[in-house]
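Here is a briefing on one protein chain. Keep the sequence and the 3D view open while you read.

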Amino acid sequence: MTRNVFARLRNGARGLALAALAGLALVPAVSAQSGTIVGTVTDAQSARPMESAQVYIQGAGIGTLTNSSGRFLLVNVPVGEHTIVAELVGYRSASQTVTVTAGGTTQVDLGIAQTAIALDEIVITGAGVATEKRKLGNTIATVDVSELQDAPISDFNQLIQGREAGVTSLPGGGYTGAGSRIRIRGSASLSQSNEPIVYIDGIRVDNGAGGQGFNGAPQSQASRLDDIDPTSIERIEILKGAAAATLYGTEASNGVIQIFTKRGRQGTPSWSFQVEQGALRYPTDRILPAADFPRDATDVARMNERWGISIQPYEVFENKFWEELFETGHQQSYSGSVNGGGDLI
């Protein structure tokens, strides 16, 4: 019985040795059918090594990440032609087609360029905090003032007039400095105010579009909105419809307008200059000429001396003396600003 046990052990050891030899024989065979790819991923503009960039062989399921030096290594790559792709968040993907030889090492260097990432628009109005616009259940319009730099805008009312559907700016009472009447989706009440609530950087302001004077007569007030320089506004968010009442109270049933002014931002300094010129001429052709006549010799002498004419008593004389008063007026405005900077230490 002991002899049979030793015989079995010898047979088992012989089988393991043969299997090991067979495995060693397969290693050169596998290596002979594959190769290695090494390379570096860098920034296409600055040639800076890119760490943690994803490098993979398209359609082969073989990939890796670059190290702190931007280098990568792909082993056991099948022989043949392959497309190597490098990807990193914030950069455009780069690719290159190479040919891998049996047992050889192929060098691949890839350069990736920066690109802007398209994100969902973030809004504040109606939520109180920054929220993606597509996640809100109400309609919010955003006016980007940077897109209106070349438009002839002199006040806030011109800034929103016709920029968004359903938002209109109507003339006020005609008093000096009176604010325009802002309507969002029309008027909703015959007796109550139809003005939307307006916030500037989180502070509520009065539009001054209307009020009650003596005996209940409408009275216009000075508009605080027109005191804002349109060039200092970054964007405007408009919450339309009665949905604003669920967030700002019943007084906001006519909508909410939030104005966000420009603030300093970290980055490369950006200089901007603006020059405005204009001319104003009063239409004097719409005014009838002034007419008069002398009644006696004293009036005749006085008018002849003043106007340099020769007339007789009761002879009508006409003159457009206001043309000397209303001349063409010229105005010029120059402004400049700078944006950018760094963190203070």
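A residue counts as buried when its relative accessible area is under 20%, as exposed when it is over 50%, and as partly exposed in between. S34 has a relative accessible area of 9%, so S34 is buried. Keep that scale in mind, as several residues below are judged by it. The model is predicted.

**The whole protein**

- The protein has four helices and 22 strands.
- Of its 345 residues, 28% are buried.
- The protein exposes about 22900 Å². Carbon and sulfur atoms supply 52% of that area.
- Take the contacts between residues at least 6 apart in sequence: 57% of them join residues at least 24 apart.

**The sheet of β4, β1 and β7**

- Strands of a sheet pair through backbone hydrogen bonds, either parallel or antiparallel.
- Three strands make an open sheet here, in the order β4-β1-β7, with mixed pairing.
- Which strands stand at the edges? They are β4 (71–78) and β7 (105–112). Each has a single partner strand, so one side of each is left without a neighbour in the sheet.
- From one strand to the next, the twist averages 25 degrees.
- β1 spans residues 34–43 and pairs with β4 in the antiparallel sense, over six bridges.
- Within this sheet, I37 stands opposite L74 of β4.

**S34 and N76**

- S34 is found in strand β1, and N76 in strand β4.
- Setting aside residues up to four places away in sequence, S34 touches N76, V77, P78, V79, T101, A102 and G103.
- Is N76 buried or exposed? Its relative accessibility is 55%, so N76 counts as exposed.
- With neighbours within four places in sequence left out, N76 is in contact with S34, G35 and I62.
- N76 and I62 are 14 residues apart in sequence. Their C-alpha atoms are 8.9 Å apart in space.

**Positive phi angles**

- Most residues other than glycine have a negative phi.
- N76 is not a glycine, yet its phi is positive, near 55 degrees.
- S52 is not a glycine either, and its phi is positive at about 65 degrees.
- Where does S52 sit? Its place is in the loop between β1 and β2.
- S52 has a relative accessible area of 44%, so S52 is partly exposed.
- G59 also takes a positive phi, near 80 degrees, in the hairpin of β2 and β3.

- β2 covers residues 54–57 and β3 covers residues 62–65.
- The two strands pair in the antiparallel sense over four bridges.
- Q54 has L65 in β3 as its bridge partner.
- Four residues lie between the strands of this hairpin.

**The five-strand sheet**

- Five strands form an open sheet in the order β10-β17-β18-β13-β14. The pairing is mixed.
- Its edge strands are β10 (140–144) and β14 (203–205), and each pairs on one side only.
- On average, neighbouring strands of this sheet are turned by 25 degrees against each other, direction ignored.
- β13 (residues 197–200) and β18 (residues 256–261) run parallel and are joined by four bridges.
- V198 has I257 in β18 as its bridge partner.

**Aromatic rings**

- A pair of aromatic rings is described by the distance of the centres and the angle of the planes.
- How many aromatic pairs are counted? The count comes to two.
- One of them joins W307 and F317.
- W307 has 33% relative accessibility, so W307 counts as partly exposed.
- F317 has 15% relative accessibility, so F317 counts as buried.

**Charges over rings**

- R306 lies over the face of W307, at 4.0 Å from the ring centre.
- R235 lies over the face of F260, at 4.1 Å from the ring centre.

Note on methods. Residues numbered from 1 in each chain as written. Predicted model: local features only at pLDDT ≥ 70, side-chain atom pairs only at ≥ 80, totals over all residues. Heavy atoms only, no water. Pairing = 2+ DSSP bridges. Axes fitted to C-alpha atoms, helices over the stretch in contact; angles between N-to-C directions. Phe/Tyr/Trp six-rings, centres within 6.5 Å; stacked < 30°, edge-to-face > 60°. Buried < 20%, exposed > 50% of the residue type's maximum accessible area, 1.4 Å probe, protein only. Lys NZ or Arg CZ within 6 Å of the ring centre and 35° of its normal. Contact = heavy atoms within 4.5 Å. Areas by Shrake-Rupley, 256 points an atom, 1.4 Å probe, with all protein chains shown as cover.
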